[in-house]
Amino acid sequence: MQLRMERLQGKDLQGSGMELDFAYGDDDSLAVTAAAERLQIGDLVFEGVSLDCPVAEQKAAAGIDCDQGGLSIERSPLGKMKSTLSVVYRAANDQQPSALSISFESKSLSLDALKPRLPDGWTVAGRLSVSGRIRLQDLHLLQVRLEGRLAGVSWSSADGLQVGEDVALTFSLSAEKKENVWKGNLDIQAVGGQLYSDPLFVELGSRNPMKLAGAFAWNADGQLLEIRDLDFRYANALDVRGQMKTDLSSGLRIRSLDIDYGLSDLQQAYQVLLQPLVIGTPMDDVRLQGKIQGRISMVDGELRQASADLSQVELEHGTGMFGITGLEGNLDWKRRGAADFSHLSWRAAHLYKIAFGAADALLQMNAGSLRLQPLSLPLLGGNLMLHDLEVDGLLQGSPSWETRADLDGIQLLELSRSLEWPDMLGQLQASIPRVHYQDSLLNMQGQLQLDVFGGEVVVDGMQLQDPLGVAPVLQTSLRFSNLDLEQITQVFSFGRIEGSLEGQVRNLQLVGWEIAGFDADLHSPARDRRAHRISQRAIDNLTELGNGASVQLSATMLRFFEDFAYDKLALRVKLHGTIAELDGVPRPKGGYYIVKGARLPRIDVIGRNHRIAWKELLSRIREIRFDDMIVE
């Protein structure tokens, strides 16, 4: 018996050029052959379809079972296909509609046939093996079950920003249509290959597999996709569980998202998820340890709430720029409404070589702002107190912050040893009315007062650009008053000088922490209560600073004098570009006094050169030398 149909159409099924043949053998065996020039199931189109069932079994009057069939398709979304299959067909009757069930298995299908369906410039390669079962009722597709694996799969986009290389994965899909909604489960596990989606790069393997699983509901018009029991894992870098709803009518728009996440290996999570996003910033080179877990909630594509619990977190910059150890606590953020207070604590931290002690911080985060409760940080034997720290603009990508600060009892001895400077005694006290940071620019209003060397140093109006960048730029001015030269010269082993020093350094600029410009004026006070004495060694060093060779007073008659009296000393240095301008106390006979002597035997240190190359001056400073100065 043969049946020819020019056209067949159902809601999810369309066919043309269809043939159906039944042949009975002498032994009552039944052979069934079906073919179609074109067959469309949903959006999938198949051409040159041939179904062969050499041994079929008739079930009652309106049913046929075929357990050992074969399927051949000349053109499909996966190219030419051959598959073994089994078919169960039940014709419609008064009690139930017609039903067709097809089970199939295909091996090593080439993905090359997908190229015509890809956007221009995309490439794809690899092999697919798949088995499954589909069920139709009244020519409507009602159920799909698939299991398979992809091997050696590679792809790339036209711009090279989406790439897969030698990817191996297994998958399973089960879905059933009820009341115009597809419901089912999906499980994908990738165990080999490499994935790149700009800027993220993922390496897959037995030690770092990727898994995606979940139950879904997808309405038949394809507009709304809901995923329940979402389970996504990548090695120890990321573990996500939760649920989401998306609108697919125009791209991928998240209607709602509620997930719990965990980062068990912070270093791996940083390398995969964060480092590609912060290339060129100070966070591009850090080492991390510890764990973080938390929760994220989104509504209509907008992040509404987020939390993070930190456990045993350690962070260290690769060059030692900053670091923190023993970080614990919880962070809570809300876009709207009052968020719960967050708490952080740590055992120790450092910025460059400046160490901070243990501390506890209480803060509140809402929308794009952060408010820190008053915080006392142990610092260099004293304390740094931060008042009313406020951070804004976090959601706009241009954060700014502002605070008031007090420094109390900072020990300069600890500071100098931390920075590997000569030991300095004294304390640093300061009250800073306002510190403001925005667009990588830190401005300090107010003054830093240092009680050092028996006097006072005041740092006024500091500005720091790109503080954590490769080449920070610092600009400030300093004032000195009543400094004890004897303490200074003892610290720096220069030779003893008694007396006081005052003056200022205007427009001091450091680029990459190297001096780039300043205008300094240092001199003896007009009414100095300290005695004015200078040792032979200090005279020798000042002379060597001047002309590159010491006068060696110990080789002259003056060797019998341990020190000498002086009237005043002064040195003015102005650096602009690569040239430094030098000056001191005016001298009627030309040049200038650096040290103007007093009484007998009188020693004057005189400078005659008013200009010197900055590099040369630095070189002589390192060797305790200036240029073109003589002793008279």
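**A loop residue and other links**

Asn208 sits in the loop that runs between strand E12 (200-204) and strand E13 (210-219); helices (H or I, at least four residues) and strands (E, at least two) are DSSP runs numbered from the N terminus. The model is predicted: local features need pLDDT of at least 70 and side-chain atom pairs pLDDT 80 or more, while totals for chains, interfaces and linings use all residues. Residues are numbered from 1 along each chain as its sequence is written, and side-chain values use heavy atoms, leaving out hydrogens and water.

Asn208 counts as buried because its relative accessible area is 14% (buried is under 20%, exposed over 50%, partly exposed in between, with a 1.4 Å probe and protein chains only). Its side chain reaches the backbone nitrogen of Gly205 at 3.0 Å. The side chain of Asn208 also makes a polar contact of 3.4 Å with that of Tyr234 (N or O atoms within 3.5 Å; within protein, one able to donate a hydrogen and the other to accept it, and residues adjacent in sequence counting only if both atoms are side-chain atoms). Leaving out residues up to four places away in sequence, Asn208 touches Glu203, Tyr234, Ala235 and Gln268, contact being heavy atoms within 4.5 Å.

Ser106 is found in a strand, E7 (residues 99-110). With 2% relative accessibility, Ser106 is buried. The side chains of Ser106 and Ser83 are joined by a polar contact of 3.2 Å. Setting aside neighbours within four places in sequence, Ser106 is in contact with Ser83 and also with Met81, Lys82, Ser129 and Val130.

The structure as a whole holds one disulfide (a pair of cysteine sulfur atoms within 2.5 Å). This disulfide joins Cys53 to Cys66, with S to S at 1.9 Å. Cys53 belongs to strand E4 (residues 44-58) and Cys66 to strand E5 (residues 63-75), so the pair ties together parts 13 residues apart in sequence. The link of Cys53 and Cys66 is right-handed, with 115° about the S-S bond. Cys53 is buried at 4% relative accessibility, and Cys66 is buried at 3%.

A search of the whole structure finds 25 salt bridges (a side-chain nitrogen of Lys or Arg within 4 Å of a carboxyl oxygen of Asp or Glu). In one of them, Asp258 pairs with Arg295, and the closest N and O atoms are 3.9 Å apart. Because Asp258 is in strand E16 (residues 253-263) and Arg295 in strand E17 (residues 286-299), the pair ties together parts 37 residues apart in sequence. Arg295 also forms a salt bridge with Asp260, where the closest N and O atoms are 3.0 Å apart. That pair links distant parts of the chain, Arg295 in strand E17 and Asp260 in strand E16, 35 residues apart. Asp258 is partly exposed at 23% relative accessibility, Arg295 is partly exposed at 37%, and Asp260 is partly exposed at 39%.

Arg304 forms a salt bridge with Glu302, the closest N and O atoms being 2.9 Å apart. Arg304 is partly exposed at 30% relative accessibility, and Glu302 is partly exposed with a relative accessible area of 23%. Elsewhere, a network of salt bridges links Lys211, Asp231, Arg233, Asp239 and Arg241.
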